[in-house]
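Below is a briefing on a structure, grouped by topic. Please read it alongside the sequence and the coordinates.

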Amino acid sequence: MTNKKIVYKAVDPEIEELAHHHGGTQEATLEVLKDLGAKNKLNPATITETARALHLPAHETYGMATFYSMLSLEERKKVLRVCDGPVCWLKRASNQLSVNSDQLISEWQSKLGEDFTIERSSCLGLCDRAPAVLVEDEQAGPVNPNDAAKVCEGWRGVQTDYSKPRQGEVRVMTALIGKVNPDEIDSALEHGLYDGLKKALQSDPTVVLAEVESSGLQGRGGAGFPVGRKWRFVASEKRTPRYIVCNADESEPLIFKDRVLMDTNPHQLLEGISIAGYACGASEAWIYIRGEYEHQARRLERAIEQAEAKNLLGKNILGSDFSFKIHVHRGAGAYICGEETALIESLEGKRGEPRLRPPYPPTYGFRGQPTAVNNVESFCAVPHIVKNGAEWWRNLTDDPTPGTKVYMVLGHVKNPGLFEAPFGLTLREIINNFGGGMLPGSTFNFALCGGAAGTIVPPALVDAHIDYSSGPLKGVTRDIKFMEKRWTQVISMGAGSFLICDQTVSPVSFLRELLHFFAAESCGKCTPCRVGTWRSLEILNRMTSGQGQQGDTEELKTLAAIMQDSSFCGLGQSVPIPMKSVLTHFGAEFAKAEK
Amino acid sequence: MVNITINGQSIQVEAGKTILQAAQAQGIEIPTLCYHKDLNPTGNCRMCIVEVKGGRFLQAACVTPVWEGMDIQTHSEKVTKDRKLTLELMLANHPQDCITCDVSGECELQDLAYEYKASAPKWGSKGGRYPVDSDPNPFIRVDMNRCILCRRCVSACAEIQVRDVWGVAKRGFDEVIVPGAGTTMLEARCESCGQCVAYCPTGALSNKMNYGIARAHQVTKVTTTCSYCGVGCQFDLLKKNDKVIGAQSNPNAPVNGMALCVKGRYGYDYIHHPERLKKPRVRRYLLEGKDKNDIRDSIHDTRNSTSKIESPWDWVEAEWDVALDITAKKLMQIRDQFGADSMGFLTSAKCTNEENYLMNKLARQVVGTNNIDHCARL
């Protein structure tokens, strides 16, 4: 072997410039790759150059470029992403449209012609506008291939209007929907936004922290971890700087509340994050928003700009010693980045793979520093708690879990959408009181509760209470009778979405849709999830196409067990939740599909 | 120190140790695949899962630190069942060609499958997803069909060799290990040290030079010290039928552990090379006792030709004593004629400390000059 003569070549100036523009560190990787992708210039050569410009090994940037679904090494035209999530699937099935993703893509392709590249996308977070698509950056829905001509002309479907509360709603975080102009800070100030921050700044951070702690606010991402306790961990870390990260990577099918909250009232979120920063002793925050929410990301950036102009963000806020900066960081298509450690990895410019835990983010988070990662909705609740007091928040309900929650109800109900209410609801109340009852001709068959990784609930459990699986906080419970009544049967709240399915929906096909999502979104790090989701999908594909074999159900159970027991992170551990519940309650349907 | 219980046995363990380390100290074996003591643990493969009392999920022993009062079961029914299943998930897409595979007999996947009686399920691709021998690297044979995505190659390249050639691309079931930006290994700055091969638990990465020549049980291992430089790396030469057919890391090597450079790992083919010099060679005129001046005008100067005619300039094989005598005589001659300081001694990093010391003695005491230096000082 002879050595090839190696000639030093400077980094491609265009890429060098891009890298410099986005900060020149590893954290810029995703942005540089996206910019190159937008120019159709993503290939091994440019990816290697990006690595050189950012002083990284080439496999890091290549690993990124092939990890995120919004990046592609293939040449693309205008991109139309068709939502392939279970809610859009259900809607298409109900409307007698094609549900097969390949078929759907080719229908769109034939209607739109060669100007477009059509891609499937895991849930776009537009469940209330199903069936949805993303036209370049623009969210559209409900649309189907027959609307292609209108879509080309700029038609983007119908926005959902949540300005009028439903009967029985208790609105806190959603109170200003339709009242406040999301793009005008003056309008926000008129409605009392930033009052919470102003109040917080007048007291000591420890006081603010104690207030949030005693409110009993539990994280709204799904796990229900006490927000105050998490902040306490961060605030008690001696190392600085500490960081706040807002998880706006809302990629779970059925969930769109964060999108609505950011869209309708961005300042509420910014205020909540700033208060968190004040309480935790942080001076910088990142909002990690999924790449598909470009519209919301721009709105947030505009809001940040306006807030900075009014000195509600930035240096020495309102003359105090507190300075705070909020950045918006866009993802690029990966459900796993909603897992907090994967999100941090992604924020650091790496593949969105979960980290080993412990250490947890409050001790070792973004850039290895103490970091509080909270969901959009959690932050949105904070200004109200600070402004009105913890006592007020607890008194919003006589349920042991304090405060209100933004719920979503979808599927075969008359009035699907989003509403805010206290805890302690049952599925029956959600369907009848808030969802307007089942559609005419529909009878309740089952519901997927929480989110895609939630429980599948049969008719027998419609009166069970819904709460965080971790239960209400100790010391917050005031009425022991509630406890006795409630904890006999509890459905996990998850992120608070409920997909109601009628008799026309086969639980087998439905589970297939869920596994279709999880198999596409598994990061691949650990064996049980990587192979388990794929194999489960393979079995379900067979079962739903009339090719079921004896033993399929048994194998699904085995796969569910191993994924739950042995997976690395919450994704793999929670895929079995819908699997196990549907297999328990609808065993007969699966037995039928075996033959 | 924290108090923990492993398989019913109460022990004290230093705080911060992992379950795996605690178990190993007790002589309890927990199976591992992606874990290697030299590399940062990643917890990917899920083979080392154990049951911790009160825990919702099984814990990976390689990455979970012990805590006070932890009650661990390393081989409960649930654990062994899950391990077997995890192996089956790996085997489903792993070629069923152990019978012809080069690393059969030293494959960790094979050993664990044997231990847990795991066989490949009926489903799965059984390989065929990637081209076989897919990289043109002259030393390393790549067959990603056999890869179980443990990422030990990625860690070895990044942490030991610090070349960062291997990385992880794509995601989910499509996840694959690639060099650089999906290029060839050499394009991704590979220096062919073969660390990735040494750490690969399966046959995904193997050696090209001896591929198909011998398997683990057919070779005798001879531990030796590398002769290329003075670092003193040790490794095992693999011997089959009295021939050296390869070199392999020896994890007990005191200086280098598993690490070797391209020369140590792959530069062994000189051993049986037909052109290898085994004895010293001396110019014919010196053997004949002549002086260079006597033959200066020799018409048969074949130094730069391929002539077969005998010439006084020819290199002739000689015994060590003969060659050394001539060398000694010449050196003394120079010293006597021009003085000791007319000579300089340069030793080599390829020599051991002892050899270098002797060279120093030769220069200062025998010849009598302080003109001695060492190539590593340059």
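A residue is called buried if 20 or more other C-beta atoms lie within 10 Å of its own, exposed if 12 or fewer do, and partly exposed in between, with C-beta atoms placed from the backbone. Helices (H or I, at least four residues) and strands (E, at least two) are DSSP runs numbered from the N terminus. This is a predicted model, in which local features need pLDDT of at least 70 and side-chain atom pairs count only at pLDDT 80 or more, while totals for chains, interfaces and linings use all residues. Residues are numbered from 1 along each chain as its sequence is written, and chains are lettered from A and ligands numbered from 1 in the order in which they are written.

**Helix α11 of chain A**
- Helix α11(A) spans residues 227–236 and is mostly covered, with 7 of its 10 residues buried.
- The buried residues in α11(A) are V227(A), G228(A), K230(A), W231(A), R232(A), V234(A) and A235(A).
- Their cover includes the chain A helices α10 (205–215), α13 (266–280) and α16 (376–388), together with the strands β5 (242–248) and β8 (371–375).

**Nonpolar core**
- A nonpolar core is a set of buried Ala, Val, Leu, Ile, Met, Phe, Trp, Tyr and Cys residues joined through C-beta atoms within 7 Å.
- The largest such core has 269 residues, and V245(A) and C246(A) touch the most other members.
- Helix α20 of chain A (residues 507–521) gives the most to this core, with 9 residues.
- Two residues are in contact if their C-beta atoms, placed from the backbone, lie within 7 Å.
- Not counting residues up to four places away in sequence, V245(A) touches A285(A), W286(A), Y288(A), L343(A), I344(A), L347(A), F366(A), T371(A) and V373(A).

**Chain A overall**
- Chain A has 25 helices and 15 strands.
- Its radius of gyration is 24 Å, close to the 25 Å that the globule rule gives for 595 residues, so chain A is as compact as a globular protein of that length.
- The radius of gyration is taken over C-alpha atoms, and the globule rule is 2.2 Å times the number of residues to the power 0.38.
- Along the principal axes, the C-alpha atoms of chain A fill a box of roughly 75 × 65 × 50 Å.
- Of the 595 residues of chain A, 58% are buried.
- Among contacts in chain A with a separation of 6 or more, 72% are between residues 24 or more positions apart.
- Chain A is divided into domain 1 (13–67), domain 2 (78–152), domain 3 (185–393), domain 4 (397–502) and domain 5 (507–594), with bounds from an automatic or database domain assignment.
- The centres of domain 1 and domain 2 of chain A, taken over C-alpha atoms, are separated by 30 Å.

- Where pLDDT is low, the predicted coordinates should not be read in detail.

**Chain B overall**
- Chain B has 10 helices and 16 strands.
- The radius of gyration of chain B is 29 Å, well over the 21 Å that the globule rule gives for 378 residues, so chain B is more spread out than a compact globule.
- Along the principal axes, the C-alpha atoms of chain B fill a box of roughly 90 × 50 × 40 Å.
- Of the 378 residues of chain B, 36% count as buried.
- Chain B is divided into domain 1 (2–75), domain 2 (125–266), domain 3 (278–338) and domain 4 (340–378).
- The centres of domain 2 and domain 4 of chain B, taken over C-alpha atoms, are separated by 38 Å.

**Contact between the chains**
- The contact takes 36 residues from chain A and 32 residues from chain B.
- On the chain B side, α2 (77–92) and β7 (166–169) each supply at least two residues, and α2(B) gives the most, with 6 residues.
- By class, the chain B side has 18 nonpolar, 8 polar and 6 charged residues.
- Here Ala, Val, Leu, Ile, Met, Phe, Trp, Tyr, Cys and Pro count as nonpolar, Asp, Glu, Lys and Arg as charged, and the others, Gly among them, as polar.

**Two loop residues of chain B**
- T183(B) is in the loop between β8 (176–179) and α5 (195–199) of chain B.
- T183(B) is buried, because 21 other C-beta atoms lie within 10 Å.
- Leaving aside neighbours within four places in sequence, T183(B) is in contact with P44(A) and A188(B).
- G124(B) lies in the loop between α3 (108–115) and β6 (140–142) of chain B.
- G124(B) is partly exposed, with 19 other C-beta atoms within 10 Å.
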